[in-house]
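Try each task before reading its solution.

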Amino acid sequence: MRQQYAPNVSEVDRSAAPERLRDYHRRAAATAVRLKFGAPSIERTWPADTGSADPASTAIWLDVEHANLVAVALGSSSEVPGHLVAMSGILAPYLDACGHYVEATALHTAAASVALTTGEAGAALNRLGAVHARSGDLAGAIDRYGEAFETCEQAGDTAGAATALHGIAVARFRTGRYREAVATATDALARYREVGNQIGAGEALKSLGLSHLQLGDYPKAIEHLQQALVLHRATGDRANEGRSLNNLGFLHYRLGHDEEALRYFEDSRAIAHKLGNRAGEAVVLINIAHLDTRHGRVEEALAGYGEAVALCAEIGYRVGQVEALRGLGVACRRLGRLAGAFKHLNQALVLNRALRDPDMEAGALNDLGETLRAADRQSDALHQHTAAHSIAIASGDPYAQARATSGLAVVLDAAGQSAAAREHRERADALYHKIGVPPRARD
């Protein structure tokens with residue numbers, strides 16, 4: 001075909017062809033992302049006419065063509081840096097939700113390196129920070145967000161500075177600095193409100209809700225998450241709507257409101273499935289498996305955790321992988337399969353060493369302590385619960401403290417130290433009562 005038709009194509013048409021392809025990519029990708037994720041998810045620089053587009057076909061087109069979209073964008077870095085930067089913004093929601101972290105890192109890194117010439121360096125650095133955070137590189141995320149904050153502050157970009165602050169808040173949350181996360185997210189929320197950015201305000205409220213959850217202030221956590229949900233729905237931010245629904249479900253699970261929790265999880269799963277948000281689907285699988293374990297449906301829980309482990313490993317979502325491995329360990333213990341329980345829990349702890357997530361660490365150590373108690377290895381269990389308690393004290397997580405203290409009470413009782421055991425049991429009960437966790441929800 002090239003031999004037959006190339007001689008008839010003018011040099012003008014040849015030189016214009018790459019620009020036509022880039023323009024087509026921008027507009028088609030913007031249309032597909034808008035239809036798949038909602039209006040807030042694309043760059044305003046590249047509006048798209050979605051009136052006649054079919055959501056199902058555009059979603060399939062993204063799945064088929066995303067590698068080409070990224071390749072053409074990367075190939076444009078020297079000649080047309082503006083196209084690279086635009087595609088970094090347009091594709092960011094899709095690459096994040098669908099777990100294409102390697103491609104996202106390459107695209108956003110390249111965009112950040114050339115964005116100084118387009119005046120959009122802060123936005124590109126914010127997107128790169130988000131990818132680092134998603135893949136578990138929290139130190140890298142804080143560095144990129146810090147660079148983005150300085151860049152946006154110098155440029156007078158209040159919205160971009162707010163996004164950077166919110167990213168730092170999320171990273172601090174993930175490293176167990178919950179009170180610092182509250183302060184930083186509150187600052188981000190004020191800046192978002194200053195510029196009328198409702199989308200960003202919804203994200204900051206979601207982060208505040210999660211931070212208060214870890215600090216044991218469940219009423220305040222629910223209040224912030226419900227406010228976030230209202231904003232997500234008002235702005236059409238479907239991805240964050242699904243995340244807030246899942247977080248509300250987890251809060252109700254923690255409080256023992258299992259039927260309500262399941263409704264939130266199912267609604268969240270429906271959104272994640274529609275968007276192709278594979279990380280979101282994995283998280284909901286894990287949480288529903290938690291409910292199955294609590295209600296004795298342990299074989300069903302094993303299947304859910306196993307599916308989530310495979311999915312998280314495939315997309316490189318290591319936080320979800322750790323949580324699913326923990327679930328597998330607990331489910332195996334419930335079935336008396338102690339060898340499997342030790343295997344999965346130790347895998348979770350090894351994987352979490354790179355993440356350094358204190359919530360996961362304390363949880364896995366408490367899980368391991370309970371498994372060691374089941375194996376009648378009380379002194380080893382004492383060590384694990386003590387370590388979990390120290391981590392929880394440092395982060396300020398009262399739920400993990402209560403679990404560790406309760407575990408220590410059982411170990412002390414087994415050792416014949418009834419007075420010390422009673423003291424620990426009373427302390428654990430007081431912690432659970434203070435944060436509102438009933439006996440039926442003390443997993």
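Predicted model: local features only at pLDDT ≥ 70, side-chain atom pairs only at ≥ 80, totals over all residues.

**Exercise 1.** Work out how α6 and α7 are oriented to each other.

*Solution.* 
- Find the helices: α6 covers residues 121–134 and α7 covers residues 138–155.
- Their axes come within 8 Å and cross at roughly 165°.
- Angles over 145 degrees count as roughly antiparallel.
- So α6 and α7 are roughly antiparallel to each other.
- The crossing of α6 past α7 is left-handed.
- The residues of this contact comprise ten nonpolar, six polar and two charged.

**Exercise 2.** Check the span of α8 against its number of residues.

*Solution.* 
- Helix α8 (residues 158–174) has 17 residues.
- At 1.5 Å a residue, α8 should span 24 Å.
- The end C-alpha atoms of α8 are 24 Å apart, which agrees.

**Exercise 3.** Explain why α8 is described as largely enclosed.

*Solution.* 
- Buried means under 20% relative accessible area.
- Twelve of the 17 residues of α8 are buried, so the rest of the structure largely encloses this helix.
- Among the buried residues are Leu-165, Ile-168 and Phe-173.
- Their cover includes α6, α7, α9 (178–194), α10 (198–214), α16 (318–334) and α18 (358–374).

Definitions and conventions
Residues numbered from 1 in each chain as written. Heavy atoms only, no water. Axes fitted to C-alpha atoms, helices over the stretch in contact; angles between N-to-C directions. Helix = DSSP H or I, 4+ residues; strand = E, 2+ residues; numbered from the N terminus. Parallel < 35°, antiparallel > 145°, perpendicular 65-115°, else oblique. Left-handed = near helix turned anticlockwise from the far one by under 90°. Nonpolar A, V, L, I, M, F, W, Y, C, P; charged D, E, K, R; others polar. Expected span 1.5 Å × (residues − 1). Buried < 20%, exposed > 50% of the residue type's maximum accessible area, 1.4 Å probe, protein only. Contact = heavy atoms within 4.5 Å.
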